[in-house]
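Subject: Structure for you to look at, with notes

Dear colleague,

Please find the structure below, followed by my notes on it. I have kept to what can be checked directly against the model.

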Amino acid sequence: MTTSFSQRPSAAAPAAPAAEYLTFRLGQEEYGIDILRVQEIRSYEQPTRMAHAPEFIRGVIDLRGVIVPIVDLRLKLGCPAEYTSFTVVIILNVGGTVLGAVVDAVADVVALPADAIKPAPQFQGPMDAAFVRGIATTGERMLIVVDIASLLSGAEMGLVKAVAHG
């Protein structure tokens, strides 16, 4: 995929640098996450369930000797969760904690300049939209750009860290 920027001879500020985002599907929506947080993408395997963990923390896997908590983003966001051959786990590094995020499918990597990400509308509802960095349009696609660190509350992130280091 090639992204082109028009060059203007004027002394205008240079174009915002583009950052790369891994795109993935949750239900019918397409999301983007900062590629620098992604360590790897794995096929879904049934994790070992942890007692008393919230439903969206599916359990843990052993990833080359590291215990990695598995968070199902679909359950966290109130989407239906069906496990198919396309279901994958994105292994992320969030604030020094490695965790796996279950998504319906991974699409591709897109480069988005910072000014291409527009503020998301704010809605009143049970879900905290603070994790949505904005909305970006690339071609015919609309991406919901997320900040994974903001998706989990401080208490939830503490629980994930406890599971990871438990």
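Predicted model: local features only at pLDDT ≥ 70, side-chain atom pairs only at ≥ 80, totals over all residues.

Residues are numbered from 1 along each chain as its sequence is written, and side-chain values use heavy atoms, with hydrogens and water left out.

The chain has three helices and 11 strands, where helices (H or I, at least four residues) and strands (E, at least two) are DSSP runs numbered from the N terminus. Along the sequence they follow the pattern β-β-β-β-β-α-β-β-β-β-β-β-α-α. Of the 166 residues, 42% count as buried, which here means under 20% relative accessible area, as against exposed at over 50% and partly exposed in between (1.4 Å probe, protein chains only). Among the contacts (heavy atoms within 4.5 Å) with a separation of 6 or more, 55% are between residues 24 or more positions apart.

Five strands form an open sheet of mixed pairing, in the order 3-6-7-5-4, two strands being paired if DSSP finds at least two bridges between them. Strand 3 and strand 4 stand at the edges with a single partner strand each, so one side of each is left without a neighbour in the sheet. From one strand to the next the twist averages 30°, based on axes that are lines fitted to C-alpha atoms, for helices over the stretch in contact, with angles running from 0 to 180 degrees between N-to-C directions.

Strand 4 is joined by six bridges to strand 5 (residues 66-72), the two running antiparallel, and Asp62 stands opposite Ile67 in strand 5.

In the hairpin of strand 4 and strand 5, which has two residues between the strands, Arg64 has a positive phi of about 50° although it is not a glycine, and Arg64 is exposed, with a relative accessible area of 65%.

As for side chains, the structure holds two aromatic pairs. One of them, Phe24 with Tyr31, is stacked, at 5.7 Å centre to centre and 10° between the planes; rings of Phe, Tyr and Trp (its six-membered ring) pair if their centres lie within 6.5 Å, and planes under 30 degrees apart count as stacked, over 60 as edge-to-face and the rest as tilted. Phe24 is buried at a relative accessible area of 2%, and Tyr31 is buried at 8%.

Finally, the charged end of Arg74 sits over the ring of Tyr83, 4.7 Å from its centre, and that of Lys76 sits over the ring of Phe56, 5.1 Å from its centre, where the criterion is that NZ of Lys or CZ of Arg is within 6 Å of the ring centre and within 35 degrees of the ring normal.

Best regards
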